[in-house]
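Here are a few exercises to work through with the model open beside you. Try each one before reading its solution.

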Amino acid sequence: MSKIAFVFPGQGAQYTGMAKDFYEKYAVSREVFESASKASGLDVKALCFEENDRLNITEYTQIAMLTAEIAILRAVEEAGIRSQVNAGLSLGEYGALVASGVMKEEDAFTVVRKRGIFMQEAYPTGGAMSAVLGTDAELIEKICNETQGIVSIANYNCPGQIVITGEETAVAAAGEALKAGARRVIPLKVSGPFHCELLKGAGEKLGQELEKVEIQSFTVPYVTNVTAQYVTGPEQVKELLVSQVSSSVRWQQCVEQMIDDGVDTFIEIGPGKTLTGFLKKINRNVKALHVEKTEDLDEVRKECL
């Protein structure tokens, strides 16, 4: 019997038309779009399905991505596929929390709409992020610590792929220093220096919004980005979500934790195959599946049921 984890991607995997086939085929998916629009005050269907300039702007990207993920999740659940643990990369944690029964989807939409705005506004200019390929975390941590200014690790994605974040000048300086030991350093097109101390103010504002939300008991545990540990108590969730905005995303460590606990099948739910790609680099011995299109669900149903 497989031990299944549902995993949810973060910002960056969005594209026009994501989850449209689920919207057209499944009533449960259409209901998710209606719920998201009502909670956010936006026409989320138009945001996701029609060509527009907003989809790649953080304050809109986050609500759009989460809606697509949960729309697909509801179809997966309706097909009878169940997880034993959930996790998500950054924004994807909200998909994991909905899947774990901890947060009602309408509350998740309300909070994520605000989260996107707070992160967009927190540090609008002078920040940067770069992907560092082909070197180890210890060297990157050392270079960041030695670099003047604010620069730190945003994402531990998988072996050989780590993202740094912070002030533009500090990220550039650390990137130059890392070129001697890394295969490549690639500046990313982002609208802010996410997952570093410059975003602490956004986390504090998010905390105020989370105070209005009821966190429910877990039906399925999840693994948090902040510590890469299992969370089973609802009292920890709000504090972790506040910390997550400005702390490193320990995705590789999250996956390793789940594998150590016996997970042998990962199902990525949402746009793209980013997490599936990371999984193959973290551990090739586990099964990495994804549900992005309705035909993917048919394949996963055959694999898991």
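**Exercise 1.** In what order do the four strands of the open sheet lie, and is the pairing parallel or antiparallel?

*Solution.* Keep in mind that this is a predicted model. Start with the order: reading across the open sheet gives 4-5-3-6, and the pairing is antiparallel. Next, check the ends. Strand 4 (151-158) and strand 6 (184-187) are the edge strands, each pairing on one side only. Last, look at the twist, which averages 25° from one strand to the next.

**Exercise 2.** Work out how strand 4 is joined to strand 5, and what packs there.

*Solution.* Count the bridges first: six of them link strand 4 to strand 5 (residues 161-167).

**Exercise 3.** Describe the largest pocket and its lining.

*Solution.* Begin with volume: the largest pocket holds about 700 Å³ of space. Its lining has 30 residues, with Gly10, Gln11, Gly12, Leu188 and Val190 nearest the centre. Elements giving two or more residues to that lining include strand 4, strand 5 and helix 12. Sort the lining by type and you get 13 nonpolar, 15 polar and two charged residues.

**Exercise 4.** Which element gives the largest share of the lining of the second largest pocket?

*Solution.* This pocket has a volume of about 180 Å³ and is lined by 13 residues. Strand 3, helix 8 (168-178) and strand 6 each supply at least two. Helix 8 takes the largest share, with five residues.

Technical notes. Residues are numbered from 1 along each chain as its sequence is written. This is a predicted model: local features need pLDDT of at least 70, side-chain atom pairs count only at pLDDT 80 or more; totals for chains, interfaces and linings use all residues. Side-chain values use heavy atoms; hydrogens and water are left out. Two strands pair if DSSP finds at least two bridges between them. Axes are lines fitted to C-alpha atoms, for helices over the stretch in contact, and angles run from 0 to 180 degrees between N-to-C directions. On a 1 Å grid over the protein atoms alone, a cavity is a set of points where a 1.4 Å probe fits but cannot get out, and a pocket is an open set with protein on both sides within 12 Å along at least five of seven lines; lining residues have an atom within 4 Å of a point. Grid points are joined across faces, edges and corners, and a volume is the space filled by probe spheres set on the points. Ala, Val, Leu, Ile, Met, Phe, Trp, Tyr, Cys and Pro count as nonpolar, Asp, Glu, Lys and Arg as charged, and the others, Gly among them, as polar.
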